[in-house]
Amino acid sequence: MFGKIKKVLQDFVNHIQSAVFYKTLDEKDIEKYCNEMFLKLVEADVAYEIAENIIEGIKRRLIGMKVRRGDDAAKYVEESIQESIAGILSAIRSFNLPNYVKLVLAKESPAKLVFMGVNGVGKTTTIAKVAYKLKAEGLRPIVIAADTFRAGAQEQLRKHAERVSVPFFGGRYGSDPAAVALDGITYAQKNGFNVTLIDTAGRMHVDIDLMNELRKVIRVVKPHIKLLVLDALTGNDALEQLKRFEESVGVDAVILTKVDADASGGVALSVIVGVGKPIAYLGVGQRYEDLMEYEPSIILKTLFK
Ligand SMILES: Nc1nc2c(ncn2[C@@H]2O[C@H](COP(=O)(O)OP(=O)(O)OP(=O)(O)O)[C@@H](O)[C@H]2O)c(=O)[nH]1
Ligand SMILES: [Mg+2]
């Protein structure tokens, strides 16, 4: 993960560490390398403003720095860069889904989670991953296929559910998704399942009819948590989708999928920093275990591994 960015950061550390040995760093000493790093970050698809932010933070920390002989210069420089990026990442809150579900369950059961997002972002796969995780937390999840629209959607979720050994509740194609969701919730209540994970049809954020349909699902189900699934590879468009879903139905937390599939890492990093919503999970692969809590320190570790 974050392949190219990792290298850009390491190159920068290598350049600066030799300079910092001999004198106190001033702006001139690092200007050249900062400009170079800025360009490389942008080349690695980091959004312009975010690259700028990173560089500003680094400059602020490095200027005036002097390392005594015998000290490990690389370590100091790397720490400054880490602090700068940590400052940016720590502004993004994480959303602890299992804890939140448990809070809900202290009051009522089942907890109702609706997953939404545009076509192909990874909603159905992610639901299976989340169900798998919640089961490991000792909860009793059930998945509900309220996608009665796209051919194959029901079977897809059913298959995923079987693989993670979580019960499945579906509906007829063409039937009202809000009704299927409600029936599923009632079924869960009667059968002792305490978390309902509701899959919805993929829709374009600009499709007014489908957005209205989703609004109805939300109105009827009254979910405790509305999760928007975004494909990290889509960069700016992901942020546009978030805006539309937020305006239309509201978004409580975001799950970013396919973070593993971004070769440079810059697009994913920019979406992480850009969402401005609590992040519940990052999807980091195609296996059911490939779901990571959003944790700035883990991202940092990955960046500097
Ligand atoms: N590499 C990678 N692939 C993922 C990840 N999450 C999902 N995918 C893949 O993305 C593709 C689409 O996933 P789906 O779960 O079918 O997406 P969806 O949003 O339910 O699609 P629609 O129901 O058509 O709207 C599949 O091939 C998944 O394996 C991830 O975190 N990493
Ligand atoms: Mg789907």
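Reply:

**Helix H4 and the cavities**

H4 gives the most to the lining of the second largest cavity, with 3 residues. The model is a predicted one. That cavity has a volume of about 40 Å³, and its lining is made up of Ile50, Ile54, Ile85, Ile88, Leu89, Leu269 and Val273. Helix H3 (48-62), H4 and helix H11 (266-274) are the elements that give two or more residues to this lining. By class, the lining has 7 nonpolar residues, with no polar and no charged ones.

H4 also packs against another helix. H4 (residues 73-89) and helix H12 (residues 296-303) meet at an angle of about 145°, and their axes are 10 Å apart. Their crossing is right-handed. On the H4 side the contact involves Gln82, Ile85, Ala86 and Leu89, and on the H12 side Pro296, Ile299, Leu300 and Leu303. These contact residues divide into 7 nonpolar, 1 polar and no charged.

The largest cavity has a volume of about 40 Å³. Around the largest cavity are Val8, Asp11, Phe12, His15, Tyr33, Glu36, Met37 and Lys40. Helix H1 (3-22) and helix H2 (27-43) each supply at least two residues of that lining. The lining of the largest cavity divides into 4 nonpolar, 1 polar and 3 charged residues, whereas the lining of the second largest cavity has no charged residues.

Definitions and conventions
Residues numbered from 1 in each chain as written. Chains lettered and ligands numbered in written order. Predicted model: local features only at pLDDT ≥ 70, side-chain atom pairs only at ≥ 80, totals over all residues. Heavy atoms only, no water. Axes fitted to C-alpha atoms, helices over the stretch in contact; angles between N-to-C directions. Helix = DSSP H or I, 4+ residues; strand = E, 2+ residues; numbered from the N terminus. Left-handed = near helix turned anticlockwise from the far one by under 90°. Contact = heavy atoms within 4.5 Å. Nonpolar A, V, L, I, M, F, W, Y, C, P; charged D, E, K, R; others polar. 1 Å grid on protein atoms, 1.4 Å probe; cavity = no way out; pocket = protein on both sides within 12 Å on 5 of 7 lines; lining within 4 Å. Points joined across faces, edges and corners; volume = space filled by probe spheres on them.
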